[in-house]
Amino acid sequence: MPILVTGGTGAMGSWVTRRLVEQGFRPVCYDWAPSIRLLDDIKDRFDLVKGDVRDLPLLLATVKKFSVDRIVHMAYLITESESNPYLAQQVNIGGMVNVLEAARLMAVNKVVFTSSKGVYGDITGEHGYPTYKPINEDYPKNPDRVYGVTKLACEGFGEYYAKTYGLSFVALRFANTFGPGKTVDRHATFAAVGSMLEQSLIGKPVRIPQGGDSKDDLLYYKDVAKSVVHACLAEGLKHRAFNIGMGQPFSLRDVADVVRRLVPNAEIEIGSGLDYKYGGQKPYSGYCVFDCKRAKEDLGFTPDYGLETGFRDYAAELKRLDLLRH
């Protein structure tokens, strides 16, 4: 079953590629700026195509060349979305439509789209601070940032292609993710959770001025990959959209406690208040906890990693792949 992964050498996509390889597949990674720094040890076990998701002819040619049966779409802009909405529209929405068109024209059986908690927008009332009552997939979707708007639009296009052309389509809405490859230089404050470990391991102090009182659902990259592969291989699903997370609230202070157990000399300071992602400069209340019953019952997915086991594995992978030098 040939599987194409757009963004398959990226920070998160690499772990999907790796899991597919571990399960006996030879995935095709389609990436506009491919880097195998997270995949160097298995570089001979997947195919690599340098390509832009805005290039529909190349997508079609790639799907045809490798007789692709399923597509995992993970190529999109995150931090650049707010500063360049035009480019975000071209890459995130335009790229999604191209992937769906390629699937339709080439009779691909399924498209799995990696969506985000950003589709929900601000989380208020009992579902937000300080009670964090879990939200399910029917929670109102009112994204107020470009990234979330594009993710919701992509889900809408996927629904349209599913209903109109019979394409099997699945959207996975991830909680706040962490893992090897999600670095501050590329993901800004969205990498705050993982950066505590990485900075501590190289002896750098960590100072986060604000946000210690916010709590958020988290998800380790290897569980991201597990959920994607589950969705890719699952048949007869009752739903198309799924919340994917641990289903628990965690603060930065909780993370810091784990990091200190792993790195006893870690210097970590976290300020009080809410919103560590934007530092309060843009009022943001998108912190939440997911109700993940649907993923468990329909996809058969439950996370393998908790907060501490995730960070222990994170530290081990950083060492195994020699990532801290980069």
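F311 touches F178, V193, G194, L197, V255, V258, V259 and L262, when residues up to four places away in sequence are not counted; contact here denotes heavy atoms within 4.5 Å. The structure is a predicted model, in which local features need pLDDT of at least 70 and side-chain atom pairs count only at pLDDT 80 or more, whereas totals for chains, interfaces and linings use all residues. Residues are numbered from 1 along each chain as its sequence is written, and side-chain values use heavy atoms, with hydrogens and water left out.

F311 belongs to the largest nonpolar core, which has 63 residues; together with L172, M196 and I244, F311 touches the most other members. A nonpolar core is defined as a set of buried Ala, Val, Leu, Ile, Met, Phe, Trp, Tyr and Cys residues joined through side-chain atoms within 4.5 Å. Buried means under 20% relative accessible area, exposed over 50%, and partly exposed in between, for a 1.4 Å probe and protein chains only. Helix α8 (residues 221–233) gives the most to this core, contributing 7 residues. A second, separate core comprises 27 residues, including V28, V68, L77 and F169. In soluble globular proteins, nonpolar side chains tend to be buried together.

Strand β5 (residues 110–116) is largely enclosed by the rest of the structure, because 7 of its 7 residues are buried. In a regular strand the side chains alternate between the two faces of the sheet. Both faces of β5 are covered, with K110, V112, T114 and S116 buried on one side and V111, F113 and S115 buried on the other.

Two strands are taken to pair if DSSP finds at least two bridges between them. β5 runs parallel to strand β4 (residues 70–73), to which 4 bridges join it; within this pairing, F113 is the bridge partner of H73. β5 also pairs in the parallel sense with strand β6 (residues 168–174), over 7 bridges, and S115 stands opposite R173 of β6.

Just after α1, G24 adopts a positive phi of about 95 degrees.

A search of the whole structure finds 25 salt bridges, each being a side-chain nitrogen of Lys or Arg within 4 Å of a carboxyl oxygen of Asp or Glu. In the salt bridge between D216 and K277, the closest N and O atoms are 3.4 Å apart. D216 lies in strand β9 (residues 215–216) and K277 in the loop between β13 (268–270) and α10 (293–299), so the pair ties together parts that are 61 residues apart in sequence. D216 is buried at 0% relative accessibility, and K277 is buried at 6%. D291 and K293 meet at 3.3 Å, N to O; here D291 is buried at 17% relative accessibility, whereas K293 is exposed at 52%. Salt bridges that share partners also join R18, D41, K222, D313, E317 and R320 into one network.

The structure holds 0 disulfides, a disulfide being a pair of cysteine sulfur atoms within 2.5 Å. The cysteine sulfur closest to that of C29 is in C232, at 13 Å, which is too far for a bond. C29 is buried at 0% relative accessibility, and C232 is buried at 1%.

A234 lies in the loop between α8 and β11 (241–244) and is buried, with a relative accessibility of 16%. Leaving aside neighbours within four places in sequence, A234 is in contact with R70, K110 and L299. A234 and Y120 are 114 residues apart in sequence and 25 Å apart in space, C-alpha to C-alpha.

Key:
Helix = DSSP H or I, 4+ residues; strand = E, 2+ residues; numbered from the N terminus.
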